[in-house]
Amino acid sequence: MTRVGGVEAGLGAGGTSTRRRPWSRMPWIAALALVIVQGATIVHSQTGRDEASGEEPFQTIVVTATRTETKLDETPASLTVVDEGEIQARHAETVGEALRTVPGVDVVQTGSRGTETDLFIRGADADQTLILVDGVEVNSVTLGAFDFANLTTDNVERIEILRGAGGTLYGSQAIGGVVNIITKEGSGAPRFTVSGEGGSAYTGRGTVSSSGQYGKLRYSIAGAYLHTDGFRVPNDDYRNGTASLRLDYDATENATARFFMRYTDATTGLFNSNNFLPVSDPNARISDELFLVKGEWEQTLIPDLELRLAGSYTRDDQRFRDPPDPVETSLTLSKIPSEIVTGEVQLNHYWRQIATTTAGIEIEERSANVRSDTIDPAFEFRNHFDDSQRNVAGYFQEQLRLLEGDLVAIGGVRVDGNEKFGTAVSPEGSASYRIPVVPGLRVKAGYAEGFKAPTFNELFFPSFGNPNLDAETSREYNVGIVETAWSERARLEVTYFDRKVQNLIQGAVQDDGLFLATNVGDVHVRGVEVAPSVLVWREPAVTLTASYARLDTVSGGPLTRRPKDRGALVVNVAGRDLGKPRTRYHVNLTVLTVGDRPDVDPDQGFAVRRNPAYARVDLAASYTFEQALAGRGDLTLFGKIENLTDERYEEALDFRSPRLNFLAGVRATF
């Protein structure tokens with residue numbers, strides 16, 4: 001299901017939009033792709049390295065893979081971390097932008113800022129990846145997928161990306177993987193930051209944030225506002241206001257209470273909303289108001305036994321309005337509020353440094369009230385439904401660290417009971433082993449099963465929904481290696497995966513010419529991900545990071561908007577005292593290459609045709625004067641240029657992507 005001119009409608013396995021998009025093309029830079037694939041012996045940026053200091057972390061702690069704190073290099077899962085340092089180095093304003101260089105991840109935006117932005121992991125549909133903000137699900141109740149267009153990086157500490165099935169711990173919609181956006185945890189003396197920037201298309205952005213600690217209370221809070229006129233006229237403007245808050249209170253020596261809140265209010269002009277028509281839409285607009293809140297209590301009950309209680313509430317209120325215009329006589333109004341309420345209890349038991357046992361119960365209630373009307377002098381369509389769905393799940397996982405940590409083995413199972421489609425069981429097993437005779441080399445392998453419950457639109461949308469649908473199910477194999485070398489300055493990760501999804505839900509044409517959601521078949525894909533990186537020089541710190549992913553469809557294709565080949569190359573240079581004492585500088589060059597891929601063309605009767613390959617180059621830089629402000633505050637000048645080579649390309653067919661554009665600004669930290 002997706003939005004077509006603001007009205008939700010059924011689609012095939014690719015989950016692609018059928019809105020009309022303007023055409024352009026861009027040449028493929030084959031030589032650059034060859035450099036990315038064969039280029040180096042290098043360490044992936046997920047290590048969270050501080051380039052300016054040359055520090056060697058390699059002990060990054062993650063939580064998404066196991067729901068407990070785990071060393072990144074020991075987890076058998078394919079997991080990437082994009083930390084705050086990398087986000088700032090690239091001046092990535094949205095989470096979608098920050099994810100573009102992650103191996104095996106495709107981010108597709110349908111035009112300018114604020115337009116629909118989908119994410120695909122390892123070829124999975126956009127609605128087969130679970131998106132969490134501080135552990136709170138934000139996937140659309142009606143569509144299943146999450147639109148990354150409005151999710152900014154303000155107050156984000158790191159993003160953990162689990163590439164591959166995560167259904168054992170997270171249930172539905174984790175067939176492709178899990179993306180967990182984690183808010184900053186305050187600490188130390190209070191700090192305040194104010195920034196402002198402006199650039200192309202009359203774009204302006206202002207942010208204010210603060211974090212720190214007062215006694216037992218740690219806090220981080222941020223607010224931001226972005227406005228742009230867009231790159232096309234008319235009706236390509238966009239605004240986004242975001243606020244976020246995290247509080248951590250140490251109630252006792254063994255207990256901590258946490259509170260999370262995020263609010264976003266965004267409005268977008270839909271230049272391309274006139275479906276099937278070769279002209280722009282001057283007045284179609286969509287707004288999205290997202291609010292989430294979460295409370296959490298974590299306590300050590302007795303030595304080695306940890307309790308975590310959590311409850312959350314998410315509300316997403318989408319509104320679409322398209323009045324009549326010179327070429328379109330109909331009025332379309334859509335109002336789609338939806339809610340997710342979740343409660344969870346989790347216990348973790350630690351036995352020495354050998355075993356960690358995790359067990360939990362999760363209850364989730366989802367609801368939506370859809371009102372979508374199209375009114376024309378000659379016809380009238382009214383699509384309404386109001387429904388809810390409850391899911392109760394229990395999960396169990398055992399982690400073992402044997403042979404002094406050389407062998408890590410994980411096994412688990414989850415049982416979901418859904419009142420609409422019944423019971424689903426999701427088992428998982430994985431292991432990683434450090435080869436003693438080959439220093440720095442660890443091999444890993446895993447098997448997982450998962451499922452995706454039918455979305456509300458697939459179940460209930462008038463003339464499309466089918467209440468008799470079965471859940472989609474999947475199985476996935478992974479095998480790979482992780483090697484560190486050169487005094488842990490170099491790292492290489494190579495992973496092979498094989499995934500098959502059964503009972504795939506698609507819109508099948510009926511005798512009356514309408515589409516009906518149906519379990520129609522299977523999709524089988526396999527692929528390879530390569531993520532090398534190296535710290536070339538310590539001072540100034542020069543790092544090279546690359547990624548390459550190959551995706552092959554065995555059966556069930558074509559997979560629209562997902563290329564067979566994609567790669568990225570990131571060069572970071574960071575140092576101190578350039579031209580003046582007590583200064584810091586950082587330069588980031590990112591090259592993204594995306595191969596040709598099939599896509600739906602509304603100009604050719606929605607036939608599938610080839611969207612040409614493209615390469616995009618972005619450049620970002622910052623220069624900081626330390627203790628240059630009153631109160632020994634820092635002053636930073638920063639800027640970035642997107643699409644530096646001014647290439648013409650389309651991430652989504654017939655949705656023209658922005659050409660060369662820039663932003664520049666100043667940031668003060670006290």
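Student: E185 is partly exposed, but with what relative accessible area?

Tutor: The model is predicted: local features need pLDDT of at least 70 and side-chain atom pairs pLDDT 80 or more, while totals for chains, interfaces and linings use all residues. Residues are numbered from 1 along each chain as its sequence is written, and side-chain values use heavy atoms, without hydrogens and water. Buried means under 20% relative accessible area, exposed over 50%, and partly exposed in between (1.4 Å probe, protein chains only). E185 falls in the partly exposed class because its value is 35%.

Student: Which residue forms a salt bridge with E185?

Tutor: A salt bridge is a side-chain nitrogen of Lys or Arg within 4 Å of a carboxyl oxygen of Asp or Glu. For E185 the closest N and O atoms are 3.5 Å apart, and the partner is R246.

Student: How many residues apart in sequence are R246 and E185?

Tutor: Strands (E, at least two residues) are DSSP runs, numbered from the N terminus. R246 lies in strand 15 (residues 238-252), and E185 in the loop between strand 11 (177-183) and strand 12 (191-199). The pair therefore ties together parts whose separation is 61 residues.

Student: Is K452 buried or exposed?

Tutor: The side chain of K452 meets that of D127 in a salt bridge (3.7 Å, N to O). This pair links distant parts of the chain, 325 residues apart. D127 is buried at 11%. K452 has 1% relative accessibility, so K452 counts as buried.

Student: How many salt bridges does the structure hold?

Tutor: One of them joins the side chains of D498 and R526 (3.2 Å, N to O). The total for the structure is 66.

Note on methods
Helix = DSSP H or I, 4+ residues; strand = E, 2+ residues; numbered from the N terminus.
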